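Subject: Structure handover

Hello,

Here is the structure for you to look over. My notes on what turned up follow below it.

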Amino acid sequence: YLKISKLALAFAIIHSKPPGKSSKEYTEYLAKTVSEQDCGWKWKVEMLEAEVLRLRQELLLNRISPRFCLENRKQDTSTETLLGQESINPTSYSSLLQDSGCDVSNDPAFDSLSIDSDFHQSEHNVNASEHWLERVLPLSLCHTRKQRSLTAPVQFLQCLLEIRELSERGSLQADFSELENDSFTICNSVSQLLDGLTVFYNSPKFPAPSFLTEGVSVLISLITDTKLSSHVLKKCFKKMEEFKKNLIKIILRNRSVNRFQTLHSVSETLGLLGRNNILRNSLISLLLAEVRRFAEQLLQAHQVQSMYDITQYENIFLLCMILEQLLQNGTQESNISSSDYGGEEKIKFLKNLDQIILHLSDEFPLFSLYLWRVSVLLNSGQMQ
């Protein structure tokens with residue numbers, strides 16, 4: 001039956017082909033047309049799924065705090081004005097990269113990633129005119145699917161954070177137990193946010209630092225909030241682990257000449273994720289595993305006098321710096337000895353570490369120094 005169907009299709013194509021076109025050209029044209037129709041249907045499905053999620057987000061916010069939704073319906077006019085101003089000023093987005101391999105950018109988006117107070121300030125400065133309830137962000141503002149995938153969850157989570165802030169002040173009644181009853185919406189929203197951030201970090205030439213900064217700000221505010229973080233981590237821990245692994249891979253595997261500025265912002269995000277005690281422990285384990293793996297590979301290459309990955313050698317120092325920062329800050333903030341971090345990975349890291357440092361210290365003194373500093377932090381009960 002399949003052979004007969006194929007033969008019938010071939011005859012139909014030959015008989016219906018327009019003059020001036022070969023059968024092959026006409027077949028390729030038909031295949032392209034069908035493929036475009038499939039893409040169109042896929043796009044429609046994606047748009048419908050996005051609309052369903054938006055409605056579920058709005059419903060969840062309404063269940064958590066109906067009064068919040070009712071009061072902020074009046075803010076649509078100012079919101080549209082704000083969005084209109086932003087959409088006609090595309091030049092406000094500066095490129096993530098410069099023409100140098102050095103971090104010489106004055107981009108405020110990246111500067112804000114390195115200043116802790118900016119995140120706290122953004123958490124408290126969510127203006128009522130920026131609420132998203134009962135409106136869809138204009139597609140003209142979100143020029144690509146990448147931007148749309150990041151904008152929608154950011155706006156929903158911003159509303160969630162403001163409800164949390166208002167309820168903490170006592171000016172709004174909110175029932176956050178509703179988050180337990182609708183794990184699908186919160187999981188999908190956080191997953192979209194993490195996927196969107198990963199896409200942007202994987203595409204450093206994309207000129208949208210403001211979206212990137214806002215997404216990171218919302219994520220950090222979410223996981224550091226005392227009430228919301230437990231809900232988010234309980235439902236999205238595996239996704240957060242995957243996100244951290246992706247960021248580590250981006251740091252290690254990036255070979256772009258102009259990579260340092262981008263990798264600095266990725267490392268800042270990893271460091272900020274380490275503010276959460278649960279994420280800090282798992283992140284330290286991941287970093288210990290990567291640094292140990294590279295140290296063993298470097299030792300093996302050094303012993304047999306073979307080539308090693310110079311780019312990865314340069315990038316590994318970012319992981320070492322993040323690891324040292326997490327061990328120091330974690331101990332200072334929670335009064336826990338740095339020897340309590342790492343678990344099984346700590347044991348593997350410290351095993352034969354003295355021999356590795358001894359063999360690498362002459363050829364790779366800076367890397368050996370970092371290994372030694374991390375080992376001191378892991379072994380000490382007090383910070384040096």
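Contact here means heavy atoms within 4.5 Å. Helices are DSSP runs of H or I with at least four residues, numbered from the N terminus. This is a predicted model: local features need pLDDT of at least 70, side-chain atom pairs count only at pLDDT 80 or more, and totals for chains, interfaces and linings use all residues. Residues are numbered from 1 along each chain as its sequence is written, and side-chain values use heavy atoms, with hydrogens and water left out.

Start with helix 16, residues 353-360. Its buried residues are Leu353, Ile356, Ile357 and Leu360. Buried means under 20% relative accessible area, exposed means over 50%, and partly exposed lies in between (1.4 Å probe, protein chains only). Down the helix axis, these buried residues fall within an arc of 95 degrees, so they line one face of helix 16. That arc is taken from the directions from the helix axis to the C-beta atoms. An α-helix has 3.6 residues a turn, so residues three or four places apart point the same way. Asp354 and Leu358 are exposed on the other side of helix 16.

What do the buried residues of helix 16 pack against? Their partners are helix 13 (277-303), helix 15 (344-350) and helix 17 (365-379).

Helix 17 carries Trp372. Trp372 is partly exposed, at 48% relative accessible area. Together with Leu366 and Leu369, Trp372 forms a nonpolar surface patch of about 310 Å² accessible area. Patches take residues with over 30% relative accessible area and no salt bridge; like charges are joined within 9 Å, and nonpolar side chains (Val, Leu, Ile, Met, Phe, Trp, Tyr) within 5 Å. Areas come from the Shrake-Rupley method with a 1.4 Å probe; for residues, only the protein chains shown count as cover.

Salt bridges

The whole structure has 18 salt bridges. The criterion is a side-chain nitrogen of Lys or Arg within 4 Å of a carboxyl oxygen of Asp or Glu.

Glu165 pairs with Arg169, with the closest N and O atoms 2.4 Å apart. Both sit in helix 7 (residues 145-169), four residues apart, about one turn of the helix. Glu165 is buried at 13% relative accessibility, whereas Arg169 is exposed at 58%.

Lys234 and Glu180 also form a salt bridge, 2.8 Å from N to O. This pair links distant parts of the chain: Lys234 is in helix 11 (residues 228-253), Glu180 is in helix 8 (residues 178-181), and they are 54 residues apart. Lys234 is exposed at 58%; Glu180 is partly exposed at 37%.

In helix 13, Arg292 and Glu296 are four residues apart, about one turn of the helix. Their closest N and O atoms are 3.6 Å apart, in another salt bridge. Arg292 is buried at 19%, and Glu296 is partly exposed at 39%. Elsewhere, salt bridges that share partners join Glu51, Arg54 and Glu58 into one network.

Cysteines and Gln312

How many disulfides does the whole structure have? The search found zero, with the cut-off set at a pair of cysteine sulfur atoms within 2.5 Å. Cys159 is buried at 2% relative accessible area, and Cys320 is buried at 1%.

Gln312 lies in helix 14 (residues 310-334) and is buried at 14%. Leaving out residues up to four places away in sequence, Gln312 touches Leu252, Arg293, Phe294 and Gln297.

Best wishes

Notes:
Helices (H or I, at least four residues) and strands (E, at least two) are DSSP runs, numbered from the N terminus.
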